[in-house]
Amino acid sequence: MISRNRHRKTVVVIGHGMVGHRFCERMVEDDIERTHQIVTFCEEPRPAYDRVNLSKYFEQRTDEALKLACPAWYADKGIALHIGERATAIDRQKRVVFSSAGRATEYDAVVLATGSSPFVPPIPGVDKAGVFVYRTIEDLEGILAYAGKASSAAVIGGGLLGLEAAKAVRELGLTTHVVEFAPRLMPRQVDEAGARALLEKIEAMDVRVHLGKSTREFLGNGKVRGLAFADGGRLEVDMVLISAGIRPRDELARACGLEVDRRGGVVVDDALRTSDPDILAIGEVAAHRGMIYGLVAPGYAMAEVAAAQLLGEPRTFSGFDLSTRLKLMGVDVASFGDPFTEAEGARALTFHDPFGGVYKKLTFDAEGTRLLGGILVGDASDFGTLLGLCRSVEPLPVAPGDLLALGRGENAAASRLGDPQVCSCNNVSERQLCETIREKGLTTLAEVKEGTKAGTGCGGCLPRVAELLKTELQAAGAKVDNRLCEHFAHSRQELYQIAMIRGIKTFGDLIASHGGGQGCEVCKPAVASILAALWNENILDQAHATLQDTNDRFLANIQRGGTYSVVPRIPGGEITPEKLIVLGEVARKYGLYTKITGGQRIDLFGAPVHLLPEIWSELIAAGFESGHAYGKAVRTVKSCVGSTWCRFGVQDSVGFAIQVELRYRGLRAPHKLKGAVSGCVRECAEAQSKDFGLIATEKGYNLYVCGNGGSRPRHADLLAADLDEATALRYLDRFLMYYIRTADRLTRTSVWLEKMEGGIEYLRDVVVNDRLGLAAELERQMQGLVDSYRCEWKAVVDDPEKRRFFQQFANTDEVSAGVEFIAERGQKHPAGWPSDFVPAEQLGLGWPGEPANVPPEPEEGTSWVRVGAVNDFPRDGGRAIKHGDCEIAVFRFDSRGEWYATQNTCPHRREAILARGLLGDQKGVPKVVCPMHKKTFSLESGECLSGESLSVEVFPVRVEGNDVSVKLPSAKELHRRDQAPRGCSLACV
């Protein structure tokens, strides 16, 4: 028995959904003296989550985005939360709550927040496999698992939850039916004309709606195979979701003798107290004045009243306006006030645009001075303003007809329309929101959500909340620093527009006109990507080569030991036996480690930089080309075998994947791009975890965008359904070019979409509906990039000038392995990095007994050593030279008019690769960036500019005419110093 606290009152909360969680929030926030101990029983296996946005679970396949608080929050607030433990009985005489785990908890007060359960009609066959309800995450997990075995589904119920469920199964790629008993959709929220407008919108998405249908039986032998209707009709489907209403979870109340309404629900008064004054009820279990509220907003209001009551504040609940704004299957639907009023003299104004799918009905009193209610379908942008006017006791400030033409509040009447509501779930008005932003100094959307609760319910108001935050920040003179780096006071998006509008084609021209300094490891690759996406010039042309990070500069991925991996393109994962043999022969000839990648390609590891052109030459001769595995570009388009081989396939997924990959190969973007094409809804190509994915249907393809695997997986969103191949490619053209134009550097499509105001609906509006009028321009731009594609490997193989910069040393044809390999499982890989990290002063960076980088006095044994001609070194780049058996990096920093030399070995991992690093400056100090782990070193002093206790040795450089010389100790002396027990620094072999 857990006894009551003698010093604090114990409140037992039974049920931990959204309303129960809101009650806990209000209690811990308002109970300043901590006079109450909260104990909560939660029968689900996880804390409270956002059930309003339950369908988003299909996008993420995780509950992370739905959690209302992390477990640490409850502990921090002193809440005893019992997960997976159901309250089984209430003993009112002993004032004890019993649980399924055998726990007995004494109470001072109980709050019933048990919510509701789905109503399941007693239809024969309802227990067959494939019949589901749509209520919890566990329900959704069952639906997901079963959907892979199905091709079609029926949702029974055409109300709010039914249409939400229909959206979910449609986005799983299933042929979707909605079966509604009433003669129209959403009969409680919209009138006949509004329902007709909604029906047209939904049927345009290829969801088949069956109205006035009563289901008599679920057909099938063990597994559901269809529905039989009372009128004799039948509908063949493989899965059924029931969303036919809710029933209050009032069984605990009945068992302990509380008064229960005849239609269900625990009877409560205006203080939300039951027939036992020490037991309160809130949310969908509470029957207030005979009314059960099935929305979250009134539940939240009840939670706040109940918390106030227990804390001694005389607040009451007098009912709640059932006004609501939702987005159902991408369609705005809202109702407010009493749109069906039969008040004497009430009159309505209506507007119907059948072409745009917009319907509005506003109901007024006989004089036209009061707005009584309304219905909005297809465009609910004026909902907040209209709801505020409906709730106001003041006469309307404008004529009734003006309200039909508000058009997002941009006409002259808008400024006289009072204080519109922003968030109906949490009853937050524009004035409240803006005042809180100003008073609390809120600067981010996350802070606004936490500080005002706006946007934490259904999320439909978030675009407006973000817009108001931006307006307030601008009014306060706040400025968000979105500069790319210290060299450009512009964002990536702004630099893209500048380069496009002004026709700028080189980094030098852009930094001269809109930046300053010599650039860095941030802006150089970002601008290089912008220029490639605009003009598609070869990235190894002289003007671009040394802007590239090492992977792009050498057209391969740098790996341990400073070697590279080679990944030829295998479009769609389809390859002939002859090409497979070529890959094996090349790998065997050059001693390369081979591995099949997750993108259905073959990776060849361990290629030295000087052998890359030779390897590419052999692959090109066999019909291969660059796979762009090294670039922030389109990588692969995976496929399953589709209809050509698979018994379940409905489209040729391999053929279409090849077509898609060849269209977008080499496309440079803010980050890497991956795609996939699945031949049916079984989704073997994992298209919904890609930046863009296509899933075959009987009618074409469903197009998904902005998915992501990796460390932050995200399920892709459905952009458009049942597309033919040509339309799918048009939408992909627009989507990819819009992403390239507007995303921040190194931002994956998943993060880009998450940050986008309006989310997938806005993106769909831009790509599918051409909201910005850019569709034709985006398509033309993409076609220009497609037409100008050239294989980057072949450009090097065919160009001796480009090819010579792959030579290992600028001053000799000799090569140095410099990598120790270990044999394992019939192949080889580099030995592990040394684990004994040595402080900088012990790395052999100076003469014995002298501080690092301080030359010896006198400077005996040094001399000027010619290392090559000026043109042996790339402009604003470096190359390695060989001095005896040691390596030196020589840098031609043309944009500064200077030359520099350092040891070639980065002291961090002791790889001889510094000559391949990017050049730039940091607050005016010239630097080189190690290509392996981005450590930065001053070219003047050798000190590490990224904060670590590392440094490199530097050497003077002299240029006389065409000759480049470096002042170096003798090769023997360098070798002696390198072999000293302080560790390697000069890569001597």
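## Salt bridges, a helix face and an open sheet

The side chains of Arg325 and Asp332 form a salt bridge, with N and O 3.8 Å apart. Arg325 is partly exposed at 25% relative accessibility, whereas Asp332, with a relative accessible area of 12%, is buried. The model that holds this pair is predicted.

**Confidence**

For the protein, the mean pLDDT is 88, and 92% of the residues reach 70 or more. Over residues 408-416, however, the pLDDT is below 50, and this stretch has ten contacts in the model beyond near neighbours in sequence. Residues 836-859 also stay under 50 in pLDDT. For that stretch the model has 46 contacts beyond four places in sequence. In terms of named elements, strand E7 (residues 109-112) has the highest confidence, with a mean of 98, and helix H27 (residues 971-979) has the lowest, with a mean of 69.

**Salt bridges**

Side chains of opposite charge can pair when their charged atoms come close. The count of salt bridges in this model is 53. Glu85 and Arg103 supply one of them, through their side chains, at 2.8 Å from N to O. Glu85 sits in the loop between strand E3 (80-83) and strand E4 (87-91), and Arg103 in the loop between strand E5 (96-99) and strand E6 (104-106), so the pair ties together parts that are 18 residues apart in sequence. Of these two residues, Glu85 is buried, at a relative accessible area of 6%, and Arg103 is partly exposed, at 26%.

A further salt bridge joins Glu686 and Lys638, whose closest N and O atoms are 3.1 Å apart. This pair links distant parts of the chain, 48 residues apart: Glu686 is in the loop between strand E34 (673-678) and strand E35 (692-697), and Lys638 is in strand E33 (residues 634-639). Glu686 counts as partly exposed, with 41% relative accessibility, while Lys638 counts as buried, with 9%.

Salt bridges also link Arg22, Glu25, Glu304 and Lys453 in a network.

| Asp332 (buried, 12%) | Arg325 (partly exposed, 25%) | 3.8 Å |

**Helix H19**

Helix H19 covers residues 612-621, and its buried residues are Leu612, Pro613, Ile615, Trp616, Leu619 and Ile620. Viewed down the axis of H19, these residues fall within an arc of 160°, so they line one face of the helix. Both strands and helices cover the buried residues of H19. The strands include E30 (564-566) and E32 (602-607). The helices include H18 (577-590), H25 (792-797) and H26 (800-803). After H19 comes Gly623, which has a positive phi, near 100°.

**The sheet E41-E42-E43-E49**

Four strands make up an open sheet in the order E41-E42-E43-E49, and their pairing is antiparallel. At the edges stand strand E41 (877-883) and strand E49 (954-955); each has a single partner strand, so one side of each is left without a neighbour in the sheet. The partner of E41 is strand E42 (residues 886-893), to which seven bridges join E41 in an antiparallel run.

**Two loop residues**

Ala489 and Asp250 are both found in loops. The loop of Ala489 lies between helix H13 (462-475) and helix H14 (492-502). Ala489 is partly exposed, with a relative accessible area of 47%. Apart from neighbours within four places in sequence, Ala489 is in contact with Arg483 and Glu494. Between the C-alpha atoms of Ala489 and Ile511, which are 22 residues apart along the chain, the separation is 10 Å.

The loop of Asp250 runs between strand E17 (246-248) and helix H7 (251-255). Asp250 counts as buried, at 8% relative accessibility. With neighbours within four places in sequence left aside, Asp250 is in contact with Val260, Gly264, Gly265, Val266 and Val285.

Terms used:
Residues are numbered from 1 along each chain as its sequence is written. This is a predicted model: local features need pLDDT of at least 70, side-chain atom pairs count only at pLDDT 80 or more; totals for chains, interfaces and linings use all residues. Side-chain values use heavy atoms; hydrogens and water are left out. pLDDT is the predictor's confidence in each residue, from 0 to 100. Contact means heavy atoms within 4.5 Å. Buried means under 20% relative accessible area, exposed over 50%, partly exposed in between (1.4 Å probe, protein chains only). The arc is that of the directions from the helix axis to the C-beta atoms. Two strands pair if DSSP finds at least two bridges between them. A salt bridge is a side-chain nitrogen of Lys or Arg within 4 Å of a carboxyl oxygen of Asp or Glu.
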